[in-house]
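Here's a quick briefing to read with the model open in your viewer. Have a look at the chain first, then work through the notes below.

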Amino acid sequence: MTFAVEVGLPFSIMLAMMIVGLELTLEDLWRVLHYPMHVVFALLGQMLLLPMLAAGLIVFLRPDAAIAGGLILVAASPQAIISNYFCLLARADVALAVTLTAVSSLLALAATPLIAALLFEQLLAQQTGFVLPVGKVMQQVLTGLLLPLGTGMLIRGYAPLFVKHNRRRFQGLSVIALAALLTIVVLVECDSILSSLAAIVIAAVLFTAGAALLGLSIAKAFSWPRMETITMVAAFPARSLSVATLVAINVLGRSEFLSFAVVFFLVQAALLVAPGDVEREDLRQMISGWAPIERERLEESVARAERA
């Protein structure tokens with residue numbers, strides 16, 4: 001099982017992130033010019049308010065160190081790729097969601113280690129007895145998130161037809177990667193998850209609801225249109241399980257922190273998917289395309305946004 005944790009988890013994550021890159025283009029980053037204020041306020045809100053929310057829940061709930069550590073890693077992680085599918089299912093602004101996800105991933109190189117280090121120092125230093133090494137976290141974000149994403153983008157740039165013709169196969173690989181990630185964590189931390197399941201679920205529900213409310217509040221404060229408001233509600237709670245896993249395993253060597261992260265992933269998916277008008281094809285797309293979102297669907301969303 002040690003091999004599965006130390007090798008299987010990072011490999012699954014890097015494979016999934018490369019598949020994500022196959023569906024990203026530089027246009028997804030340049031689209032920030034179409035939503036300058038949305039991106040600025042959305043990402044500032046995520047980087048400032050979500051850590052404050054996590055800190056408040058830790059102080060209020062007083063969970064054990066494993067749950068608190070997992071909550072910190074989740075709050076410090078960038079916006080997750082799956083937020084694009086939450087927005088797709090909710091008929092929200094998918095183009096904005098993809099842009100937020102792409103820019104959030106780039107900013108994670110600095111934001112994730114600094115936020116996580118501050119929260120660990122203030123909330124868990126006495127309990128856990130260690131300080132988060134910022135440099136090692138930056139290395140994990142670079143090698144486990146940004147480099148695989150860049151590799152996928154390069155492959156798409158040089159072989160777009162190959163990517164298009166094999167999209168279904170890549171989606172299948174992304175399902176395998178996600179299943180492997182969840183299975184390994186559940187098997188390794190089964191006892192920890194079962195013994196603290198109620199506390200984990202409560203913390204996960206409160207963080208998801210609180211994050212969605214923060215996203216809604218920012219959108220309402222600036223009177224953003226309905227589609228962009230729904231995007232904020234879906235994007236704020238969606239945090240990257242991949243980044244949290246890399247930091248927990250490769251930097252901290254604390255797999256117990258993932259007991260919260262994996263349950264949180266499942267809880268937030270249930271909470272954010274349930275209210276939507278979900279068609280069978282859309283749900284299949286979300287499951288099979290955990291990483292990538294089909295460009296045709298994205299381009300339709302971009303066209304709607306430009307017409308607006």
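Leu48 counts as exposed, because its relative accessibility is 52% and the cut-off for that label is over 50%. Keep in mind that this is a predicted model.

**Space inside**
- The structure has five cavities of 30 Å³ or more.
- The second largest cavity holds about 100 Å³ of space, and its lining comes to 14 residues.
- Which residues lie closest to its centre? They are Met47, Ser77, Pro78, Ser104 and Ala111.
- Helix 3 turns up again here: along with helix 4 (65-76) and helix 6 (94-128), it supplies at least two residues of the lining of the second largest cavity.
- Helix 6 is the top contributor to that lining, with six residues.
- Sorted by class, the lining of the second largest cavity has nine nonpolar residues, four polar ones and one charged one.

**A buried serine**
- Ser174 belongs to helix 9, residues 167-188.
- Is Ser174 buried or exposed? It's buried, because its relative accessible area is 0%.
- Ser174 and Met17 are 157 residues apart in sequence, yet their C-alpha atoms are 8.8 Å apart in space.

**Charge pairing**
- Side chains of opposite charge can pair when their charged atoms come close.
- The count for this model is one salt bridge.
- Arg254 and Glu256 form a salt bridge, and their closest N and O atoms are 2.3 Å apart.
- Arg254 is partly exposed, since its relative accessibility is 21%.

**Loop residues with positive phi**
- Arg62 isn't a glycine, but it has a positive phi of about 50°.
- You'll find Arg62 in the loop between helix 3 and helix 4.
- Arg62 counts as exposed because its relative accessibility is 69%.
- Ser223 is another residue other than glycine with a positive phi, in this case near 55°.
- Ser223 is in the loop between helix 11 (197-221) and helix 12 (226-235).
- With a relative accessible area of 64%, Ser223 is exposed too.

Notes
Residues are numbered from 1 along each chain as its sequence is written. This is a predicted model: local features need pLDDT of at least 70, side-chain atom pairs count only at pLDDT 80 or more; totals for chains, interfaces and linings use all residues. Side-chain values use heavy atoms; hydrogens and water are left out. Buried means under 20% relative accessible area, exposed over 50%, partly exposed in between (1.4 Å probe, protein chains only). On a 1 Å grid over the protein atoms alone, a cavity is a set of points where a 1.4 Å probe fits but cannot get out, and a pocket is an open set with protein on both sides within 12 Å along at least five of seven lines; lining residues have an atom within 4 Å of a point. Grid points are joined across faces, edges and corners, and a volume is the space filled by probe spheres set on the points. Helices (H or I, at least four residues) and strands (E, at least two) are DSSP runs, numbered from the N terminus. Ala, Val, Leu, Ile, Met, Phe, Trp, Tyr, Cys and Pro count as nonpolar, Asp, Glu, Lys and Arg as charged, and the others, Gly among them, as polar. A salt bridge is a side-chain nitrogen of Lys or Arg within 4 Å of a carboxyl oxygen of Asp or Glu.
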